[in-house]
Amino acid sequence: MSTEQDIARWAARLREAESSGQPIAPLPDDIHDADTTYRVQLANVRHATAQGRRIGGRKIGLTSRAMQRAVGINE
């Protein structure tokens with residue numbers, strides 16, 4: 001199971017990529033289950049709201065089997 005430090009580190013990497021507009025390598029293979037991915041997402045939602053941002057919706061991604069296979073997930 002991923003630690004809170006792992007979650008925070010991965011969330012920070014995604015935020016940096018978003019703010020810089022620069023792509024990053026895929027996150028580690030340790031992130032292979034939906035629980036971990038949602039924990040990373042929640043960390044970034046909490047960060048955004050703490051910065052005063054308003055969350056207005058949800059993005060549903062990787063719903064196609066082809067995209068799931070492309071990034072190596074099965075959920």
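**Helix H2 and its surroundings**

Author: Helix H2 has 17 residues and reaches 24 Å from its first C-alpha to its last, close to the 24 Å expected at 1.5 Å a residue, the expected span being 1.5 Å times one less than the number of residues. The model is a predicted one, in which local features need pLDDT of at least 70 and side-chain atom pairs count only at pLDDT 80 or more, while totals for chains, interfaces and linings use all residues. Residues are numbered from 1 along each chain as its sequence is written, and side-chain values use heavy atoms, with hydrogens and water left out.

Reader: Which pattern does the protein follow along the sequence?

Author: Helices (H or I, at least four residues) and strands (E, at least two) are DSSP runs numbered from the N terminus. The protein has three helices and zero strands, and read along the sequence its pattern is α-α-α.

Reader: Is Thr-36 buried or exposed?

Author: Thr-36 has its place in helix H2, where it is in contact (heavy atoms within 4.5 Å) with Ser-2, Ile-7, Trp-10 and Ile-31, leaving aside its neighbours within four places in sequence. Buried means under 20% relative accessible area, exposed over 50% and partly exposed in between, with a 1.4 Å probe and protein chains only. Because its relative accessibility is 3%, Thr-36 counts as buried.

Reader: What covers the buried residues of H2?

Author: The buried residues of H2 are Thr-36, Arg-39, Val-40, Asn-44 and Ala-48. One of them, Val-40, is in contact with Ile-7, Trp-10, Ala-11 and Leu-14 once its neighbours within four places in sequence are left aside. What covers the buried residues of H2 includes H1.

Reader: How many of the 75 residues of the protein, as a percentage, count as buried?

Author: In soluble globular proteins, nonpolar side chains tend to be buried together. In this model, the C-alpha trace spans about 35 × 25 × 25 Å along its principal axes. Of the 75 residues of the protein, the share that counts as buried is 17%.
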